[in-house]
Every structure is written in structure tokens, then in C-alpha cells.
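Morning, everyone. I have one structure to go through, and I will keep it brief.

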Amino acid sequence: MLLFFLLFKLPVVYFDFGNEEYFLAEDEFTLKWIHSVEKEEWLEMYERDGGELLLTETVFKTFGAGVPSDGEIISAEDGYVHMRINQHLPEMNLTVSENAQTTILTEDKTIPLYELTEDYEFVTISVQRIHLWQYIGGKKLL
């Protein structure tokens, strides 16, 4: 039993802030921020898919700077453009800012990343396998 506890690893979404590390146990999350040019809310939906992140969908108000042009438009009647992306990413490097209000949403949590670090700091988001003992005693995002 002790050998299992020491060797077994679980996949998690891993957030590396450089001096702090956190993880999400959830398989899915949404990255939300305010677009710097459009000043509108932008959402990207991610899933943990094997050892990578899968960007499944993006949601935004209007076409403009930085908007993907090759995704499939999904019909929606909520005033937003929904676009299916389905792009695998080995990791995501993100600049976190209070101005953009960079936030992670899960089914039952809202995690303002900009409150976990200094303004305009980088965070690397990836899928990592961590030991069961790290999972039990580690820094989960609240």
C-alpha cells in the first residue's frame, strides 16, 4: 500500500507562477479575461486531454484583433460568437493582469488568477502528473 501511495501519479492541470505552483483536479476549466482592445469579456474553454490541454471553444462579443479565423461557428442566441476550436496545446504561457481580470472558472469555483500574483506576471499552464501524496497535500486552486 505504501508503494502505491509513493509511486501512483494523477494527471492535473498545473499552474506554474515561477515562485508558486498550484493545480486543478478538475478535467475542464474556462479561462476568462477582458480583451485589451475590444474591452469585452472573452472566454476559452479547455479540457485536460491525456498529457495536453485541449482548447475546445472560444466565446467573444465581436470579431476584431486576435480573433481566430479558422474555427467553426457554433449557433448561439446569447449575444456572443461561439467558435469550436479543438486545438491541442502542450502548455499555455499566459500573462496575468488585474486590468484584464484574468480568471479561471470551473463548475463550482471562480479563481481570480490576478490576485495570486503580481500584475503582468507570467503563468505557465500545462498538464502534469503528480504523486498521490502531492495531490493530497498540494496547493489546489481554491
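This is a predicted model: local features need pLDDT of at least 70, side-chain atom pairs count only at pLDDT 80 or more; totals for chains, interfaces and linings use all residues.

I will start with the charge. Glu 98, Glu 115, Glu 118, Asp 119 and Glu 121 gather in a patch of negative charge on the surface. Take Glu 118 from that group. Its place is the loop that runs between strand 10, residues 110-112, and strand 11, residues 121-131. Glu 118 has a relative accessible area of 59%, and exposed means over 50%, so Glu 118 counts as exposed.

Tyr 120 is found in the loop between strand 10 and strand 11. Its phi is near 65°, a positive value in a residue other than glycine. With a relative accessible area of 48%, Tyr 120 is partly exposed.

Gln 101 also has a positive phi, near 55°, and is not a glycine either. That residue sits in the loop between strand 8, 91-96, and strand 9, 103-105. Its relative accessibility is 40%, which makes Gln 101 partly exposed.

Now to Glu 44. It belongs to strand 4, residues 41-49. Is Glu 44 buried or exposed? Buried: its relative accessible area is 13%, and the cut-off for buried is under 20%.

What is Glu 44 in contact with, leaving aside its neighbours within four places in sequence? The list is Phe 29, Thr 30, Leu 31, Trp 33, Leu 55, Glu 57 and Thr 58. For Thr 30, which is 14 residues away along the chain, the C-alpha atoms of the pair are separated by 5.5 Å.

That is what I have.

Definitions and conventions:
Residues are numbered from 1 along each chain as its sequence is written. Side-chain values use heavy atoms; hydrogens and water are left out. Patches are made of residues with over 30% relative accessible area and no salt bridge: like charges are joined within 9 Å, nonpolar side chains (Val, Leu, Ile, Met, Phe, Trp, Tyr) within 5 Å. Accessible areas come from the Shrake-Rupley method with a 1.4 Å probe; for residues, only the protein chains shown count as cover. A salt bridge is a side-chain nitrogen of Lys or Arg within 4 Å of a carboxyl oxygen of Asp or Glu. Lys and Arg count as positive and Asp and Glu as negative; His and the chain ends are not counted. The place of a charge is taken as NZ of Lys, CZ of Arg, CG of Asp or CD of Glu. Helices (H or I, at least four residues) and strands (E, at least two) are DSSP runs, numbered from the N terminus. Buried means under 20% relative accessible area, exposed over 50%, partly exposed in between (1.4 Å probe, protein chains only). Contact means heavy atoms within 4.5 Å.
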